[in-house]
Amino acid sequence: MKSKEKGSKGKWFLSLAALGVVFGDIGTSPLYAVKLIFHSRYGIPLTEANILGGISAIFWALIVIVTIKYVTLVMRLDNRGEGGIMALMTLAMEASKGRKYLQWFVVTAGICGAALFFGDAVLTPAISVLSAIEGLEVGNQTHKILVVPIAIGVLISLFFVQRYGTSTVGALFGPVTALWFLTLLAAGISSIISNPQVLQAINPAHALKFLTTHGFSSFVVLGAVLLVFTGAEALYTDMGHFGRSPIRMAWLGLVFPALFLNYMGQGALLMSDPNAVDNPFYRMFPSWGLYPVIVLATAATVIASQACITGSFSMAKQAMQLGFLPRLALKHTSAHLEGQIFMPGVNRLLMLLVIGAVVGFGSSTNLASAYGVSVSGAMFISTCLAAVVYRIQMKYHLLLCISVATFFICIDLSFFSSSLLKISHGGWFPLGLGAIACISMFTWRDGKEVLAQHLQRQEFKLEPYLAALLKKKPIRVPGTAVFLISRQLYAPHALIYNLKHNKVLHEKLLFITVSFVNTPRVMPGNRYILSEVGENSFYLLLRYGYIEQPDIWKVLKRIRSKRELDIEPNKASYFLTRQTIIPTKQQDSHMFLWRERLFAAMFRNASSAVEYYRIPASRVIVMGEKIRI
């Protein structure tokens with residue numbers, strides 16, 4: 001009985017913690033969604049029937065897209081507890097093994113989905129913070145000129161503190177966001193009491209009428225309706241941090257009721273006072289409560305932005321481990337939580353792009369014109385990959401999978417095609433960022449394959465090479481030499497170059513290959529395989545999951561403590577090869593010259609293997625070589 005109570009308390013605690021991280025984005029949508037749905041640009045009159053229809057469309061979008069699709073269906077597809085587009089891609093890759101064209105589709109879709117996530121990660125902090133600060137205009141129109149500078153200041157501060165990690169302020173995320181949702185709930189109920197007629201919006205007939213009786217405007221307004229569930233992907237992406245049950249509990253117990261009642265409250269206000277359409281969210285509050293709510297809204301949007309930034313770090317790390325991005329500088333900001341990381345390069349790039357979006361678009365209304373294209377595209381990809389996993393891996397009936405997938409694909413494509421109309425109004429911005437990210441990931445993957453093919457022509461099998469070498473009785477010097485090799489059981493170039501230049505061989509040799517598998521984590525007992533490949537020569541295969549950080553020093557200490565191999569990690573010499581890629585125009589090349597140059601630039605700017613693999617920097621010897629591709 002006590003264990004059940006303890007487990008229940010644990011779930012409630014995780015649900016509270018999940019509020020800030022998981023629901024920050026979708027929870028700040030009420031700041032701007034309703035005013036944009038009823039914006040004059042769509043040409044839909046602000047009548048009672050249309051208000052009921054718009055609010056009904058919001059309500060049923062939250063039911064169908066978030067509650068049924070993500071909370072009920074997609075969140076069932078976890079890769080050993082982890083969620084997100086990368087986890088879904090690896091599941092689909094496992095399911096499609098042996099199906100060449102399906103595997104190609106899965107990988108392509110997964111990379112495109114990750115790229116669209118990066119495009120969305122730029123706009124979310126910009127539109128969230130701007131929409132919160134714009135509440136100042138409601139209090140006093142003269143404050144309008146302060147909105148952009150204040151938003152930039154808030155965002156710069158947010159990006160600056162990333163290097164210190166979120167463990168300290170993270171403890172406040174749940175309670176602050178809980179207060180935010182309770183405020184949404186209270187404001188919505190208060191407004192509904194004054195005009196309860198708005199509750200008719202629960203009837204889906206109003207949504208159907210709103211989305212079908214205004215001609216082309218009904219189609220265009222879908223691009224604004226999708227703003228209410230832009231954070232739906234986060235529910236799945238952050239499942240690994242909190243678990244499926246706490247996220248579902250938080251959504252059904254507080255977040256969903258708070259959101260739909262607040263949207264209903266904004267609808268009730270518009271039915272009573274159509275002039276409040278300029279900012280119906282802030283118009284719900286009395287003048288004495290306006291500025292405290294602005295402060296709370298700013299805190300909520302900062303938390304939403306924080307979740308988006310850390311999500312970008314996690315996505316970049318996963319793409320890196322799966323071989324779609326080069327090594328990037330990465331720092332752990334917590335000694336206890338592996339998932340808390342800081343990536344300086346990604347952080348700087350995001351900050352510049354987010355500030356550029358704030359300055360370039362200038363308001364949440366303008367940003368909304370660009371927002372949604374990448375979100376709806378990622379939703380469509382998630383549906384396709386989920387269908388593959390449900391059918392092939394989970395063995396659901398073909399007809400059922402096709403029916404459900406077709407239903408959601410039609411919805412996803414409706415929103416996506418509507419959002420494409422935003423391209424000329426700023427939608428090109430996230431799509432352009434996504435395209436650049438996509439091209440970069442494909443180029444890195446293809447470039448690594450070309451490089452591997454080139455190196456294979458110059459490589460020798462490790463065991464025969466060592467046997468032939470040791471027969472020649474080379475000069476052996478005291479100590480241990482450690483060589484990193486990318487291809488399993490092949491002689492590393494660093495060994496060959498060391499013999500060529502120094503004419504000596506250490507008395508003990510250790511060859512290490514670090515490999516990443518398509519699961520989030522590897523059990524400690526399966527971390528490594530140690531084998532002997534020659535006289536005083538050993539081969540160590542290390543395995544890591546795609547969310548784990550390699551740590552060679554730690555593994556070597558463990559091997560020594562278990563007396564499996566007598567090696568002192570801080571006294572060994574670590575030999576690495578630093579390759580310089582030289583693009584060349586060759587007829588048999590598998591890549592265009594511009595892609596070769598891009599790959600060479602990415603390769604050149606990859607972070608140090610010393611930091612990435614956690615090797616003692618003072619014991620490293622680097623051999624250089626030039627490679628023409």
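The model is predicted: local features need pLDDT of at least 70 and side-chain atom pairs count only at pLDDT 80 or more, while totals for chains, interfaces and linings use all residues. Residues are numbered from 1 along each chain as its sequence is written, and side-chain values use heavy atoms, with hydrogens and water left out.

**Exercise 1. The largest pocket**

Find out how much space lies in the largest pocket and which element gives the most to its lining.

Step 1: Start with the term. On a 1 Å grid over the protein atoms alone, a pocket is an open set of points with protein on both sides within 12 Å along at least five of seven lines, a cavity is a set where a 1.4 Å probe fits but cannot get out, and lining residues have an atom within 4 Å of a point.

Step 2: Read off the volume, the space filled by probe spheres set on the points, which are joined across faces, edges and corners. For the largest pocket this is about 1700 Å³.

Step 3: Look at the centre. The lining has 50 residues, and the closest to the centre are Arg 327, Lys 448, Ser 486, Val 514 and Tyr 613.

Step 4: Go through the elements. Helices (H or I, at least four residues) and strands (E, at least two) are DSSP runs numbered from the N terminus. Those that supply at least two lining residues include α16 (287-321), α21 (428-456) and β4 (504-516). With eight residues, α21 gives the most.

Step 5: Sort by class. Ala, Val, Leu, Ile, Met, Phe, Trp, Tyr, Cys and Pro count as nonpolar, Asp, Glu, Lys and Arg as charged, and the others, Gly among them, as polar. The pocket lining divides into 30 nonpolar, twelve polar and eight charged residues.

**Exercise 2. The cavities**

How many cavities of 30 Å³ or more does a search of the whole structure find?

Step 1: The search finds two.

Step 2: Take the largest cavity, with about 320 Å³ of space. Its lining has 26 residues, and Phe 117, Asp 120, Glu 233, Ala 234 and Thr 237 are the closest to its centre. By class, this lining has twelve nonpolar, ten polar and four charged residues.

Step 3: Turn to the second largest cavity, of about 40 Å³. Among its lining residues are Leu 328, Gln 549 and Tyr 612. Four nonpolar, two polar and one charged residues make up this lining.

**Exercise 3. Salt bridges**

Step 1: Recall the general idea: side chains of opposite charge can pair when their charged atoms come close. The rule here asks for a side-chain nitrogen of Lys or Arg within 4 Å of a carboxyl oxygen of Asp or Glu. By this rule the count is eleven.

Step 2: Apply the cut-offs: buried is under 20% relative accessible area, exposed is over 50%, and partly exposed is in between (1.4 Å probe, protein chains only). Arg 445 has 23% relative accessibility, so Arg 445 is partly exposed. Asp 446 is buried because its relative accessible area is 18%.

Step 3: Glu 94 and Lys 97 form a salt bridge with the closest N and O atoms 3.4 Å apart. Glu 94, at 34%, is partly exposed, whereas Lys 97, at 54%, is exposed.
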